[in-house]
Amino acid sequence: MLRLLWLFAVLDAVLLLDTGMLFPRESSSRELKELSGLWVFRADKSPNRNQGFERAWYKSRLGETGPVIDMPVPASYNDITQDSTLRDFIGWVWYEREVVVPARWITDEGTRVVLRVGSAHYYSVVWVNGEKVTEHAGGHLPFEAEIGSLIQKDRIHPCRITIAVNNTLTLETLPPGTIQHMNDPIKYPDGYFVQNTYFDFFNYAGIHRPVLLYTTPKVYVDDITVVTDFLDNTGFVRYQVSVKGAATATLKVTLMDKDGHCVASSNEASGVLKVVDVKLWWPYLMHENPGYLYSMEVHLMAADERSTYEDVYALPVGIRTVKVTNTQFLINNKPFYFHGVNKHEDSDIRGKGLDWPLIVKDFNLMKWLGANSFRTSHYPYAEEILQMCDRHGIVVIDECPGVGIKDIRSFGNASLAHHLDVMDELVRRDKNHPSVVMWSVANEPAAEMQPAALYFKTLITHTKALDPTRPVTFITDSNYARDKGWPPVKQIVPDKQCGSSSQIVQAPYVDVVCVNSYFSWYHDPGHLEVIPIQLNAQFENWYGKYQKPIIQSEYGADAVPGLHSDPPMMFTEEYQNAVLRSYHDIFDQKRKQYVIGELIWNFADFMTAQGITRVVGNKKGIFTRQRQPKAGAFILKERYWRLANETGKLPPWTKYPCSL
Ligand code: BDP
């Protein structure tokens, strides 16, 4: 009974956003039209970057107001041409695409037509046939607009979609940045400015995820929330369906197993489905049948004086629990050890654009490696990736784009309000993914600054209220970013004492302590011998002070593939190997106590801004940017399979991982 009361209580956590953001899926009542492919494109290179708005480029075809080029969607625009001014462009770019909309979508008054953008970095304004339909701040989460009435106005011409996207980062964006105008005429051309960022990846921009049109009936399933639990052999799926477009509707909710058999059903908009002989959702390498998903089919029927409406939406549901103790992370009440990676959405040519071959390759590599988890450093990844995680049992720490919050002015009210909105959007989008087991609200902010304490208290409390079912974390830099040479924090941060005070902000509110450290790299460079003592001290200090489980959320070293030296020297593959091995020795001592995970920095090499510490990007990958293994990948593979053998339950086919 208590369990059921708890399930009810958690669903009362109400998102402040007034609509849902269900992933668009086809069904007998919903159609979908993908707009991936070639769009026309122009960067607004006018001095104030504002010509597009001044001359209303959205009013007519983009090709009529100036030159245009082909631009693939989804993709970052930066690496598509040979033009360095486009690669490094700051400001508004314009995309346009004409779409022929099925006649029925226009004539059928009972149909809603929705335009959805999976993500566009950073700020977007969208017009349909010259009329503004929406705008959105934030580069990593979806947004939508209903456009039916607009396309009905002009039934003759194809529907023209114009999207202006601006990649400028300011003190109040997430991630933050600053625009610096260089006014010295002896050094810089007239009107010269640069974008400063305080994070270590290239600020790729453009329409990064699919744009599509989809339909629903006028009365439709707007959102579904599920929270799961189990007791012995019985699973519980507490659900809530929210309906839009009518005050009343009849619902039929059916939970189907993988073989299409109904295992539970209900006619209520909210309730608890009981699943006998439940098949739990388990992580990869923890169970012989990982990633088990049920399908919750919601069937809506409604009527008004004009028509009847029927909507069908099927949501994949994994039944599992997550709990944290002082020393353990429990999935389905069993200790889970994160042996995984940090990733980036990053690859040659398409930058941060969603790319299925890359996604599938990365999952194959993670499984080859024996990785059971990753963290979405440093922003929310595509939903398509989370769906893969659900299906393959890869566990996710879901991070918001709160990276590089280094300037005291980024702790103001406007920044906080935006950060809270982003958490709302993130939780709204990802709440139903069984693979997501923890929220990360920020990476290595300047937590020592005085306003940070209240800022993060508010943020973490808010996130826990949004979703009381998942732990919350905040990633701390045990090295302190200012020592790294990047970002240029010394110029923008008032020079306050920077020591261990960041711990004060983090630990009282988070459920799991996540620590990044780069011993023998940013500190004591070249001195591998310091790793054991420093890493040991790091763990003992954090645990001693807060008695919370710890994840080594980043560690690693750059290795230029093919660069060798023995004894090891920095930037060689041997040095990367040595760093990994030293860290692993300490992890092996502490994982028996309170260390609950290790995530290598990074899965693959990735592009960064140009700078004196980066040779065409960050080379801390254990795979190259083209996804070929460096020597370190084999060390990690051996270790991860050994850990899996020790801590998990391997299916027979994984006995010989080398053949995978
Ligand atoms: C960490 C940051 C990560 C960087 C990494 C590095 O969280 O974004 O890429 O350092 O310097 O502190 O390689």
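Mentor: Helices (H or I, at least four residues) and strands (E, at least two) are DSSP runs, numbered from the N terminus. This is a predicted model, where local features need pLDDT of at least 70, side-chain atom pairs count only at pLDDT 80 or more, and totals for chains, interfaces and linings use all residues. Residues are numbered from 1 along each chain as its sequence is written, and side-chain values use heavy atoms, leaving out hydrogens and water.

Trainee: What makes β5 and strand β9 a pair?

Mentor: Four bridges in the antiparallel sense link β5 to β9 (residues 143-146), and the definition asks for at least two. One spot to look at is Val-114, which stands opposite Glu-146 in β9. β5 also pairs with strand β14 (residues 211-217), antiparallel again, over seven bridges. There, Arg-116 stands opposite Leu-212.

Trainee: Why is strand β5 called largely enclosed?

Mentor: Buried means under 20% relative accessible area (exposed is over 50%, partly exposed in between, with a 1.4 Å probe and protein chains only). Seven of the seven residues of β5 (residues 111-117) are buried, so the rest of the structure largely encloses the strand. Thr-111, Val-113, Leu-115 and Val-117 point one way, Arg-112, Val-114 and Arg-116 the other, and all are buried.

Trainee: What makes β22 and β24 edge strands?

Mentor: They belong to an open sheet of three strands, ordered β22-β23-β24 with antiparallel pairing. β22 (322-324) and β24 (334-335) each pair on one side only, which makes them the edge strands. Strand β23 (residues 329-331) and β24 share two bridges, and the cut-off is at least two. Ile-331 stands opposite Lys-334 in β24.

Trainee: How do you know that the span of helix α6 agrees with what it should be?

Mentor: The expected span is 1.5 Å times one less than the number of residues. For the 14 residues of α6 (residues 356-369) that gives 20 Å, and the end C-alpha atoms are 20 Å apart, so the two agree.

Trainee: Which elements cover the buried residues of α6?

Mentor: Among them are β25 (338-342), β26 (373-375), α7 (383-392) and α14 (631-647), where contact means heavy atoms within 4.5 Å. The buried residues of α6 include Leu-358, Ile-359, Phe-363 and Trp-368.
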